[in-house]
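Q: Can we go through this one together? I'd like to start with a strand pairing and then move on to an annotated site.

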Amino acid sequence: MRERNHHERIDSHKSSKSDEKHKHKEHKHKEHKSKERDKDREKSKHSSSSSKNHSNSEYKESSEKRHKEKLKHRDGSSDKHRHKNKEKRKEEKEKLHSSSSGVGDKIKKENGFTSPPRIKQEVDDEYLPSVKVENKPTKRARIDDDVDFKPKKPKIEDEKRTKKRKAEEVTKSKKGKMKGQADGAGKKKKKKEEEDKWKWWEEERYTDGVKWKFLEHKGPVFAPPYIPLPDKVKFYYDGKHMKLSPQAEEVATFFGKMLDHEYTTKDIFRKNFFKDWRKEMKPEEKSTIVDLNKCDFEEMNQHFKDQSEARKQMSKEEKLKLKEENEKLLQEYGFCIMDNHKERIANFRIEPPGLFRGRGNHPKMGMLKRRIRPEDIIINCSKDSKVPVPPHGHKWKTIRHDNKVTWLVSWTENIQGSIKYIMLNPSSRIKGEKDWQKYETARRLKKCVDKIRAQYREDWKSKEMKVRQRAVALYFIDKLALRAGNEKEEGETADTVGCCSLRVEHIKLHTELDGQEYMVEFDFLGKDSIRYYNKVPVEKRVFKNLQLFMENKQPEDDLFDRLNTSILNKHLQELMDGLTAKVFRTYNASITLQQQLKELTNPDENVAAKILSYNRANRAVAILCNHQRAPPKTFEKSMQNLQTKIDAKKDQIGMARRELKGAKADHKVKKDEKTRKSVESKKKALQRVEEQLMKLEVQATDREENKQIALGTSKLNYLDPRISIAWCKKWDIQTEKIYNKTQREKFAWAIDMADEDYEF
DNA sequence: ATTCAGACTTGGAAAAATGTTA
DNA sequence: TAACATTTTTCCAAGTCTGAAT
């Protein structure tokens, strides 16, 4: 950020953003940098035994340096020019290469779809042309899909509900009437609940980009106004008490609340905070408070701790009252009417002001996120609806009636200048339909993925650099489930990359490593600055291509310099309607789950063990997608507790065994009914405890394996829920065992529609 | 072709709610 | 019944992708 501003000033006479970007990139301290990276690698090697390393912290430090080490720009020659020359050189070399190495290329056993780390076996099979799937032209596939995606009849026989939304109201009331007449009073309630569950998936979708016909809501709930601190809570500057103006005090409390957080120790955070805080100060304050290090927020911090403690200690009645108030608010603002149905809103509360907490090494961390007022708010609703009323004495910024979008409320946030929205809950029709559609697109990919894979393998040999890069990138996206990797504005966000934005410094080539040939070692920060570390064997041709792409480049140069997400997606679009890079992630995630479930589920095992298998399948996907979490702070202890329980259970078993033995002996002697019964019951008791033990042990295994893996995201966003539902039905496992209430609501469509035979 | 705003999905952490134990 | 552990929900940042403007 600093550096960037500096440059902007110097270079202000010219240059587009992209020029600037390259200038920055191309004049960094190489030696310095690469040394840093080496050190880093060294570290990561030590710390990782598995092929994917999960420690983020190490990486972050060094990535931080990236920004700092940029050197001054010097020459003015056009960037594009340079680029072109570079590429020409490359193309020449490429020709040489392909003619010399191409011939000897034998087809390896490796087909390019070896398992991602720790997934036992998988996509391999997918690559082989399957019997069932012919390679249809994409057009055709599209049609197929559409058929698939249309609501299915079965469950609506009796009611003929497949009609246009317009007709819904009629349907509904008619239905109500029928019920009212038919049912006895006692049944009414239950019936009503049933009716409330609207099966939108049995109705027709909008086709023309229209998202709704009617939309009515009450607008957002604003953050509560700032309550000044009581006088006894003091702020000290340089050891001296200082009463702050309300504005300055509010911002100070944001910092005070966070005192225990690591953020407040970070330089950038402190610097950004202090700068923005000073903007809120009165002139006197501004002239006095010049050094953040001399500020003492301790009492504020304590005050808020006390407050939250007090909240915990509230009496039952008070808590209940609070809960009721919350519920009232939810009832009033938490729902909207969209096309005759009451739907839950996801986030009806406006984000309160506070300090921006970017993730990873974010240049803007600590900046003040300002309070949103009604005047910042754009309302979206239908013309014929009751327009939400702004708070007294205020006006909305704008009121819109745009039914081509799904949001109800929007505002522009001041840190990145991006737009924030209030939208509906995942259980809503509008989200659900889209979600369903996403999986249908992925299923269409399944039908043509063989063809696409064959195609990009062909493209590895292309004469055109652009095509080769595209093909290798796509291979990574497919094989490793990498994200597309859009370009980002440098200095505005943390330095993270995806596939297309990988830089030379992010991969290392090893002709041989760990006994395998042609290994690529990935090490970069992905979304949310989560580290991706992986060593993968690739095909020789890919390897050679990578060498080519890296020739004559600096570590900080783009690996795929002729490629970006827009080029890639345009290409994908041509291969299959609706295909984009992220579809591969969805596809590979879902297909992996399906295969893993098939492979891991043991019919003879009990429910607990089956669930463990499910979780393991889920885990395989999470690993593929690199979904990591920080190990829970209480992890070790919680493992210990579980172990204690297990030990206790084992003792119990010993006891039960002895008792059984005794009973048996008794029975042998007496041979009467009473002792026989006793033996029976002891046997049962033993069995019971053994089962409990088994459950605990399964739980322990599951938890251990899940230490640094986050299952949530894949479960919620990547796995076709119908696969899971089919699995549940097949093995007679309750849906509740794998989906909690929220999840069941979100996946209601899948729960209703998938049967045991569903195949992704 | 490139840039940019906009809209929407995806992501882990943290807070809140709920369950369990001493 | 408080303290602690675990699960669920909320929060909001950070991606992807589209389409319009230039």
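A: A term to begin with: two strands pair if DSSP finds at least two bridges between them. Note also that this is a predicted model.

Q: Fine. Which residue stands opposite Ile 379?
A: Val 409, in E11, stands opposite Ile 379.

Q: And in what sense do E9 and E11 pair?
A: Strand E9 (residues 378-380) and strand E11 (residues 409-412) are antiparallel, with two bridges between them.

Q: What sheet is that part of, and in what order do the strands run?
A: An open sheet of four strands, ordered E10-E9-E11-E12, with mixed pairing.

Q: Which strands stand at the edges?
A: Strand E10 (398-400) and strand E12 (419-422). Each has a single partner strand, so one side of each lacks a neighbour in the sheet.

Q: By how much are neighbouring strands turned against each other?
A: On average by 20 degrees, ignoring direction.

Q: Switching topic. Which residue does UniProt list for "active site"?
A: The UniProt record lists Tyr 718, and the entry is unreviewed.

Q: Where does Tyr 718 lie?
A: In the loop between helix H23 (712-717) and helix H24 (721-731).

Q: Is Tyr 718 buried or exposed?
A: Tyr 718 has a relative accessible area of 15%. Buried means under 20%, so Tyr 718 counts as buried.

Q: What is Tyr 718 in contact with, leaving aside neighbours within four places in sequence?
A: Tyr 439, Arg 585, Thr 586, Ala 589, Ser 590, His 627 and Thr 713.

How values were computed:
Residues are numbered from 1 along each chain as its sequence is written. Chains are lettered from A and ligands numbered from 1 in the order in which they are written. This is a predicted model: local features need pLDDT of at least 70, side-chain atom pairs count only at pLDDT 80 or more; totals for chains, interfaces and linings use all residues. Side-chain values use heavy atoms; hydrogens and water are left out. UniProt positions are given in the numbering used here, feature names are shortened, and annotations may be inferred rather than shown by experiment. Buried means under 20% relative accessible area, exposed over 50%, partly exposed in between (1.4 Å probe, protein chains only). Contact means heavy atoms within 4.5 Å. Axes are lines fitted to C-alpha atoms, for helices over the stretch in contact, and angles run from 0 to 180 degrees between N-to-C directions.
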